[in-house]
Amino acid sequence: MSTSLPPPPQSNPMYSYSTNTSTSTISGPGSHQRPLSMRDSMSRSPNPPPAAPNGAGAAGGGAAGQNILDRPLNKTRGSEVALASWAFMFAEIVSYSQSRVDSVADLEQRLTTLGYETGQRVLGLLLLRSAQASHMKDPRREHRLIPILQFVHTQVYKYCFGRPADGLERSVEGEDEYMITMNQPPLTQNISIPKDMSQLSCEAFTAGIVEGVLDGLDVPARVTAHTVSTDQYPQRTVILVKLDQKVMDRETVLGK
């Protein structure tokens, strides 16, 4: 069960739902399992998928022969990368990581670690662009919890996935738990998971991105990914944010 938060300054719709975020223990063999695979629809589709604006860490666009390091960081036009290319690269990351772990839990932890490093870099880039757009010497940082979560829900997701998340809610089971929902996660929609690894959520990478961004904004939390399927959205994913107690104590002080 959950309660919806007020919308962020940009008028992006929120979607409410009720779900049990508890999960069972993940276990199972690792490297000897058959690897995850890309769905045939990606390679056989006559029409390429739409481009994802500003894929995290993705290289693209620019004049012929131009080094990616020479592009201005505050310019976004022309830096888009095709979703198919990004999804293929992510599938290779998952396959590479799978061959170097012994269990499903270890694989998720490895993906979370990679996502955490990505989130740290995404935060630095977004803050830099915000400061340059506002002609400020130092980027403006939020200190209250709700604006920070709305920043992740809107700006971070839009930068990484081309659009904001579908929902941002607080759990009624605990004041220190928040949930970010995406009905159709673009990263994993083209990855087929074997039945013997059904408990695996490759969206652990996204959870790592969220954790890296929150940690960079001095909001330490444990972030995990959970698949909460529906008939309409079988790959619907909930990113569960479990905040550190010091964050809740700070909110209490700032609220006085």
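This is a predicted model: local features need pLDDT of at least 70, side-chain atom pairs count only at pLDDT 80 or more; totals for chains, interfaces and linings use all residues.
Reader: How are α4 and α5 oriented to each other, given the angle at which they pack?

Author: Helix α4, which spans residues 145-161, packs with helix α5, residues 204-216, at an angle of about 130 degrees, and their axes lie 11 Å apart. Angles over 145 degrees count as roughly antiparallel and those from 65 to 115 as roughly perpendicular. The angle of about 130 degrees therefore makes α4 and α5 oblique to each other.

Reader: Which residues of α5 make the contact with α4, and how many residues of each class does that contact have?

Author: On the α4 side the contact is made by Ile-148, Leu-149, Phe-151, Val-152, Val-156, Tyr-157, Cys-160 and Phe-161. The α5 side contributes Thr-206, Ile-209, Val-210, Val-213 and Leu-214. By class, the contact of α4 with α5 has twelve nonpolar, one polar and no charged residues.

Reader: What is the handedness of the crossing of α2 and α3?

Author: Helix α2 (residues 83-98) and helix α3 (residues 104-133) pack at an angle of about 130 degrees, with 10 Å between their axes. That angle makes α2 oblique to α3. The crossing of α2 and α3 is right-handed.

Reader: How many charged residues does the contact of α2 with α3 have?

Author: Helix α2 brings Ile-93, Val-94, Tyr-96, Ser-97 and Gln-98 to the contact, while α3 brings Leu-107, Arg-110, Leu-111 and Leu-114. By class, the contact of α2 with α3 has six nonpolar and two polar residues, and the number of charged residues is one.

Conventions. Residues are numbered from 1 along each chain as its sequence is written. Side-chain values use heavy atoms; hydrogens and water are left out. Axes are lines fitted to C-alpha atoms, for helices over the stretch in contact, and angles run from 0 to 180 degrees between N-to-C directions. Helices (H or I, at least four residues) and strands (E, at least two) are DSSP runs, numbered from the N terminus. Angles under 35 degrees count as roughly parallel, over 145 as roughly antiparallel, 65 to 115 as roughly perpendicular and the rest as oblique. A crossing is left-handed if the near helix is turned anticlockwise from the far one by less than a right angle, and right-handed if clockwise. Contact means heavy atoms within 4.5 Å. Ala, Val, Leu, Ile, Met, Phe, Trp, Tyr, Cys and Pro count as nonpolar, Asp, Glu, Lys and Arg as charged, and the others, Gly among them, as polar.
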